[in-house]
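Please read the following points with the structure open beside you, and check each one against the model as you go. They are written for someone meeting this kind of description for the first time.

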Amino acid sequence: MKKFFSVADVDNLKGIVSEALTLKADPHAHESLGKHKMLGLVFLNPSLRTRLSTQKAGMNLGMNVMVMNMDKDGWALETRDGVIMNGTTVEHIREAAAVMGEYCDILGLRSFPTLKDKEADYSEDLFNKFIKYCAVPVVSLESATRHPLQSLTDLITISEYKKTEKPKVVLAWAPHVKALPQAVPNSFAEWMSRAQAEGLVDFTIAQPAGYELSEEFTEGAQITTNLDEALQGADFVYVKNWSSYKEYGAVYPVQENWLMDNEKLKLTNDAKVMHCLPVRRDLELSSEILDGPNSLVIKEASNRVWAAQVVLKRMLEELRDS
Ligand code: CP
């Protein structure tokens with residue numbers, strides 16, 4: 001594996017989930033694989049889970065890890081080509097990425113969208129340039145449009161906790177006060193659509209009108225604006241807010257109640273409730289669910305380590321064998 005940016009970088013979902021669960025059972029089984037290898041984690045935005053779980057995953061494989069908070073500690077990056085850098089940017093991504101690639105064997109990058117310019121965000125220009133110029137394998141720690149380590153984690157968690165062969169999984173939009181990226185729901189939809197195509201889940205998306213995701217990510221999914229209907233018989237409910245894709249970055253007022261609580265849970269098949277975290281209590285997800293027996297959010301966050309570790313393991317194996 002040379003990059004981990006989307007579900008397209010994985011050839012077999014069942015295979016990668018099974019390998020991740022084997023690592024979970026014996027985390028240090030490959031502790032010499034990463035000996036004398038350097039993992040660099042570059043953050044242009046805040047993070048708790050991605051930062052710590054990916055560091056831990058690298059360390060479990062025997063890697064050394066460096067973390068760069070580029071937004072706070074790095075030079076202001078220029079990504080455009082052909083511009084005279086006489087403004088506020090100090091270093092071009094061509095040099096910055098190339099230099100980081102000299103220091104590291106594998107790099108991770110987190111870069112959120114602006115939510116102002118749909119075309120620029122969805123072109124993934126910064127990410128593509130980083131991959132091009134660093135010349136080492138790159139793991140997405142969340143890009144403008146996707147969060148693949150989170151989605152792989154979610155698939156691992158669903159596989160672990162499912163009670164039927166093909167569970168019904170519902171991605172449910174939730175309220176928020178801020179405009180949030182579409183990266184997590186895009187990515188979850190992309191991974192679940194592929195899982196559905198491989199016969200692993202039945203997948204439904206419920207969102208208010210105006211909050212439809214880009215069709216690029218939702219192929220094959222049942223899509224509805226009726227949350228109660230979507231929740232009927234659900235085995236897993238994945239709660240997440242996102243801003244509008246169509247009216248890019250907009251937050252529309254929604255009259256109906258989209259907050260997942262114990263009353264709504266009664267409509268489901270005693271569903272497990274998931275959220276990528278961080279979550280705003282009683283705005284995006286009710287405390288009674290978060291503190292109750294159906295919440296999987298902590299187990300899900302814990303599984304972030306095994307998603308990162310299986311991806312790093314595959315990259316290290318390819319470096320070893322090349
Ligand atoms: N879910 C997730 O990616 O969490 P962080 O933003 O804290 O890394």
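1. Strand 6 and strand 7 run parallel and are joined by 3 bridges; strands here are DSSP runs of type E with at least two residues, helices are runs of type H or I with at least four residues, and both are numbered from the N terminus. Two strands are said to pair if DSSP finds at least two bridges between them. Within this pairing, L107 stands opposite V138 in strand 7, and the bridge partner of G108 in strand 7 is V139.

2. Before going further, please keep in mind that this is a predicted model, in which local features need pLDDT of at least 70 and side-chain atom pairs count only at pLDDT 80 or more, while totals for chains, interfaces and linings use all residues. Residues are numbered from 1 along each chain as its sequence is written, and side-chain values use heavy atoms, with hydrogens and water left out.

3. Strand 6 (residues 106–110) also pairs with strand 2 (residues 38–43), in the parallel sense and over 5 bridges, and here V42 stands opposite L109 of strand 6. How many of the residues of strand 6 are buried? The count is 5 of the 5, so strand 6 is largely enclosed by the rest of the structure; buried means under 20% relative accessible area, exposed means over 50%, and partly exposed lies in between, with a 1.4 Å probe and protein chains only. I106, G108 and R110 point one way from the strand, whereas L107 and L109 point the other way, and all are buried.

4. These strands belong to an open sheet of 5 strands with parallel pairing and the order 1-7-6-2-3, in which strand 1 (3–4) and strand 3 (64–69) are the edge strands, each pairing on one side only. Helix 2 (residues 49–60) packs on this sheet, touching strand 2, strand 3 and strand 6, and its direction makes about 175 degrees with that of strand 2. Contact means heavy atoms within 4.5 Å, and the angles, which run from 0 to 180 degrees, are taken between the N-to-C directions of lines fitted to C-alpha atoms, for helices over the stretch in contact.

5. Another open sheet of 5 strands has parallel pairing and the order 10-9-8-11-12. Strand 10 (222–224) and strand 12 (272–274) stand at its edges with a single partner strand each, so one side of each is left without a neighbour in the sheet. Strand 8 (residues 168–173) and strand 11 (residues 236–240) pair in the parallel sense over 5 bridges, with Y238 of strand 11 as the bridge partner of L171. Helix 7 (residues 148–161) lies across strand 8, strand 11 and strand 12, and runs at about 155 degrees to strand 11.

6. Turning to the ligand, which residues surround it? They are S47, L48, R49, T50, R110, H147, Q150, C276, L277 and R304, where a residue is near a molecule if one of its heavy atoms lies within 4 Å of it. An N or O atom in the side chain of H147 is 2.7 Å from an oxygen atom of the ligand, while a polar side-chain atom of Q150 lies 3.1 Å from a ligand nitrogen atom. L277 brings a backbone N or O atom to 2.8 Å from a nitrogen atom of the ligand.

7. Some backbone details deserve a careful look, because most residues other than glycine have a negative phi, and most peptide bonds are trans. The peptide bond from L277 to P278 is cis, with omega near 5 degrees, and P278 is placed in the loop between strand 12 and helix 11 (287–290). A135 has a positive phi, near 65 degrees, and E142 has a positive phi as well, near 120 degrees.

8. Are A135 and E142 buried or exposed? A135, in the loop between helix 6 (125–134) and strand 7 (138–140), counts as exposed at 67% relative accessibility. E142, found in the loop between strand 7 and helix 7, is buried, with a relative accessible area of 8%.

Notes:
Polar contact = N/O pair within 3.5 Å; in protein donor to acceptor, adjacent residues only side chain to side chain.
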